Amino acid sequence: MSSEAARSSRISGFRKYSVSQRRSETAEVSGLTADRFETWDPESGLSLEQADRMIENTVGVLGTPIGIATNFLVDGRDVLVPMATEEPSVVAAASNLARMTRENGGFATSQTDPLMQAQIQLLDVVDPEAARLRLLEAADEISTLADSQDPRLVEVGGGVREVIVRLVPSRRQTYVVVHLVVDVRDAMGANAVNTMAEAVAPRLGEIAGGHPLLRILTNKADRRLTRVRGVFDAALLGGGEVVESMLDAAELAVADPYRAATHNKGIMNGITAVVLATGNDTRAVEAGAHSYAASGGQYSAMSQYEVDREGNLVGTMELPMPVGLVGGATSVHPAAKTAVSVLGVTTAADLGSVIMAVGLAQNAAALRALATEGIQRGHMSLHARNVAVTAGAQPHEVDRIVELLVSDGAVRVEHAADLLKELRA
């Protein structure tokens, strides 16, 4: 990662700042000029002309709020994290739990090489076992042909690392499936591996004595893993009793797929928000994460929790993280380019590290809320602002209506409308 951040990401009272004050503070910490954030203005971000070049049948642009998560210390570097999400409490919760790791060094991460895989499905092979060996014997030829499709990738140190051949029995026939394992460097890699798969497919069919059908990457990116570890201070969490309750809440997600689905959704609240803010493929990351959570044969928790010798809560997580800094929307979307600049990351691995830290912080925040006051209290107090505005509250009325909605325990639009009538009477 770059080490150019001028100040700590620990910004007390950030939520109380105005939008312009938050931008000024973010600019100072990240070393950017304030005008860089104009790309996050609705009128100055992604234009209709740019959008029309990104997808087909364009009719408009959908805005999503971008917030800044504070307090993150990742691999020894302070970082402010842009998060794009419509859900209240996500940014605040991640920031709060990140604060609780700082005295213990923040978040530590590690990664495997950035390996993505393409699959080429071969049909009507009469001798699948022998075909598998013929294909493996031709691995060098296949790799050379694939690498020739992307000389630039090879030049920067990427390219095919392995050829794998699998036999996949099905109700129709036994398919011969060839995997190209490709180091994609700082790209997400879909375009690179898909191009390689298209190029080698005819030759694979000749060698195997069959014909190719599918030739596309797999989003089960289990060869491209990022790991994160964080130690959450027990005293800041609320003491040993809270830690024990959090452990039991986390353990249910390990044992029960019904709980795991919601537990993991909370993790993805953090992960997807950063992936989206940086213009990466949210669906690819989500598919890889959820498939990895089921790799043991039963869908289970993406995260694990333990207690260290001092009684602090230790959270760990390992997931596929197929994100990139080159190609795709990351390179063309002005708001995404600004988000990457704020993060100060220089490699896809660095970006994956920050994303995983946010996911773990978000998960710990949800566990703490569930183990103490329940998830609704914090969530609904923020949701109440949306309800107040929907009911017609003016800016100077919002705080009072939110206070009344929460104290009454009835965060509903019709109740907000009644409160507004009373307030204006």
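Which residue in S6 is the bridge partner of glutamine 117? In S6, glutamine 117 has valine 181 as its bridge partner.

Before going further, a word on the model: it is predicted, with local features needing pLDDT of at least 70 and side-chain atom pairs counting only at pLDDT 80 or more, while totals for chains, interfaces and linings use all residues. Residues are numbered from 1 along each chain as its sequence is written, and side-chain values use heavy atoms, leaving out hydrogens and water.

**The open sheet**

That bridge belongs to a set of 8 joining strand S4 (residues 115-123) to strand S6 (residues 174-183), and these strands run antiparallel. Helices (H or I, at least four residues) and strands (E, at least two) are DSSP runs, numbered from the N terminus; two strands pair if DSSP finds at least two bridges between them. The open sheet has 4 strands in the order S5-S6-S4-S7, with antiparallel pairing. Strand S5 (159-169) and strand S7 (211-217) each have a single partner strand, so one side of each edge strand is left without a neighbour in the sheet. From one strand to the next, the twist averages 20°. Helix H5 (residues 139-147) lies across S5 and S6, at about 120° to S5. Here axes are lines fitted to C-alpha atoms, for helices over the stretch in contact (heavy atoms within 4.5 Å), and angles run from 0 to 180 degrees between N-to-C directions.

**Aromatic pairs**

Rings of Phe, Tyr and Trp (its six-membered ring) pair if their centres lie within 6.5 Å; planes under 30 degrees apart count as stacked, over 60 as edge-to-face and the rest as tilted.

| Pair | Centre to centre | Between the planes | Type |
|---|---|---|---|
| Phenylalanine 37 and tryptophan 40 | 5.4 Å | 40° | tilted |
| Phenylalanine 107 and phenylalanine 232 | 6.2 Å | 70° | edge-to-face |

The pair of phenylalanine 107, in strand S3 (residues 107-111), and phenylalanine 232, in strand S8, links parts of the chain 125 residues apart. Phe72, Phe107 and Phe232 form one aromatic cluster. Phenylalanine 37 and tryptophan 40 are both buried, where buried means under 20% relative accessible area, exposed over 50% and partly exposed in between (1.4 Å probe, protein chains only).

**Helix H11**

In H11, the buried residues include Thr282, Val285 and Tyr292. The buried residues of H11 pack against strand S8 (225-232), helix H10 (257-277) and strand S10 (313-320).
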